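Work through the exercises below with the structure on the screen. Try each task before reading its solution.

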Amino acid sequence: MKKAIILLLGCIFVFSACSKSEETAEPDDTSHVEESEAEEKAKTEWWQTELESYSLDGLPRDLDELEQELIVEAGLYSGDKYDLASAKDMLDQLPENLSEEELEAAILRLIREDYHAEVETFVTFDPTVEVNVDKPDEELEEPSEEMATSTSHFAILLDASGSMNNQSDGTSRMELAKEAIGNFIDILPANSTVSLRVYGHEGTGSDDDKKLSCRATESLYNGEMNEKEFMSALKGVEPAGWTPIANALEAAEKDIPDHASTAIVYVVSDGIETCDGDPIKVAEQLNQKDVQPIINIIGFQVDDEAQELLEQVAEAGKGEFTYAGNKQDLEDYWEEEYNRLQEAWETWQQEGMKRADELSQQLMEQADETGYAIMGKSELEFDRAEDLINYLTTERQMENANNLWSIFYERSTTIWSYGYDNQTENWGAAYENGNAAWRYFYETGTEKWTEYYNKVN
């Protein structure tokens, strides 16, 4: 009997120990299960995750509220990645009790379109049409009505040696030269600078006066064109001594203003260098300066020797030699100059108008493409939102989804209007600026072309 009692107590003890062991292990298993469920829940609650925004650096202004919304990263099934079946599978994971705001956010996480590139384009869009075309003898920096029409300098070197007093058909070479120079300066650009330098105008042609005459070179006029003052200075020049062409060319460098973008030197002479100078060398050196003036030479009734020398001087100065045997030759020469300038302004005009058109068209196309892209994406986003809203209301029968259509319709309309308004504004600005630039080239070119045309005809 005692054995039976002892055995019974032993069984009770063992059973009790087993029970305590099981009671001790049970909380550990439950804790593990709860932890796994929490991890799984965190993984599946995708509709609550925060989305990042694209980073746009160097913008000229702060983004407004709508633009900040539009640079949020694209949804999981945006663009070409759209998959309705997969999107519905994601919606099936949504709890029944989600609020309207949570449902809206969930749908956007799936189908929100990528607008960030278009927003950046519109925020940084510059409709300015800035056309740079080299004008005849100058460089155009910006097409504005206030800009000067030329920064060129015209340096005229007039031979005042005694031989310029020789006559042809009752008119002296000096008189012919003065008339030709007067005709030329009459058609220079309104704000161009011009200088008049004479050489050989002191002393006589005698050997005793050679030293005096060969040193003689003087600037009689230099500055913006004032025809009355220029012609007054020109009128007083009288033929006198020797012919220091090299000395005059060397001195001409001082006549060219620092601000001149180009310079053209016209040497008016009837003979060769008679003062032991080297005009060819001086012409080469002068043409290697920063401004690199072009040296054109007009030879008055020169003999073969003088013509050969003057041609070499012109070649060294990257210019041309023109023989003027009589008054008609001079008129033909200046007519050719007028025609050259007339053609140059026409070329400038056509190139400027072409570039203004091209740049304006590029900007208008960019505005159009960007606007259409935003409007198209807003419509696509709304169409896909309708699919998902219909699924939530009909299949999932979620009451909080009933008003989502109005919310997404308003969103689509707002984004569409943003694209349309910016497209219209920027397109219009590019168009107007392009027209202004085009008109500038057209009107300026026509004015200058007409000016030279009237001089020829």
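The exercises that follow go from the whole chain to single residues.

This is a predicted model, in which local features need pLDDT of at least 70, side-chain atom pairs count only at pLDDT 80 or more, and totals for chains, interfaces and linings use all residues. Residues are numbered from 1 along each chain as its sequence is written, and side-chain values use heavy atoms, with hydrogens and water left out.

**Exercise 1. The chain**

Task: State how many helices and strands the chain has, and what share of its residues is buried.

Solution. Helices (H or I, at least four residues) and strands (E, at least two) are DSSP runs, numbered from the N terminus. The chain has 13 helices and 10 strands. Next, apply the accessibility classes: buried is under 20% relative accessible area, exposed is over 50%, and partly exposed is in between (1.4 Å probe, protein chains only). Of the 457 residues, 42% count as buried.

**Exercise 2. The disulfide**

Task: Find which cysteines form a disulfide and determine its handedness.

Solution. Look for a pair of cysteine sulfur atoms within 2.5 Å. This rule gives one disulfide, joining Cys214 to Cys275 with an S to S distance of 1.9 Å. The torsion about the S-S bond of Cys214 and Cys275 is about -80°, so the disulfide is left-handed. Cys214 belongs to helix α7 (residues 210-214) and Cys275 to the loop between β8 (262-269) and α10, so the pair ties together parts that are 61 residues apart in sequence. Both Cys214 and Cys275 are buried.

**Exercise 3. Two helix pairs**

Task: Describe how α10 packs with α11, and α6 with α8.

Solution. Two packed helices are described by the angle between their axes and the distance between the axes. Axes are lines fitted to C-alpha atoms, for helices over the stretch in contact, and angles run from 0 to 180 degrees between N-to-C directions. Angles under 35 degrees count as roughly parallel, over 145 as roughly antiparallel, 65 to 115 as roughly perpendicular and the rest as oblique.

Start with α10 (residues 279-287) and α11 (residues 304-316), whose axes come within 8 Å and cross at roughly 15°. The helices α10 and α11 are therefore roughly parallel to each other. Contact means heavy atoms within 4.5 Å. On the α10 side the contact is made by Pro279, Ile280, Ala283, Glu284 and Asn287, and on the α11 side by Leu309, Gln312, Val313 and Ala316.

Now take α6 (residues 173-185) and α8 (residues 227-235), which pack at about 165° with their axes 11 Å apart. That makes α6 roughly antiparallel to α8. Lys178, Ile181, Gly182 and Ile185 of α6 meet Glu227, Phe230, Met231, Leu234 and Lys235 of α8.

**Exercise 4. Positive phi**

Task: Locate Asp276 and Gln397, and decide whether each is buried or exposed.

Solution. Asp276 is in the loop between β8 and α10. Its phi is positive, about 65°, although Asp276 is not a glycine. With a relative accessible area of 68%, Asp276 is exposed. Gln397 sits in the loop between α12 (327-395) and α13 (404-456), and its phi is near 50°, also a positive value in a residue other than glycine. Gln397 has a relative accessible area of 61% and is exposed.

**Exercise 5. Phe125**

Task: Which residues is Phe125 in contact with, leaving aside its neighbours within four places in sequence?

Solution. Phe125 lies in the loop between α5 (116-123) and β1 (134-135). At 11% relative accessibility, Phe125 counts as buried. Beyond those neighbours, Phe125 is in contact with Leu363, Gln366, Ala367 and Asn426.
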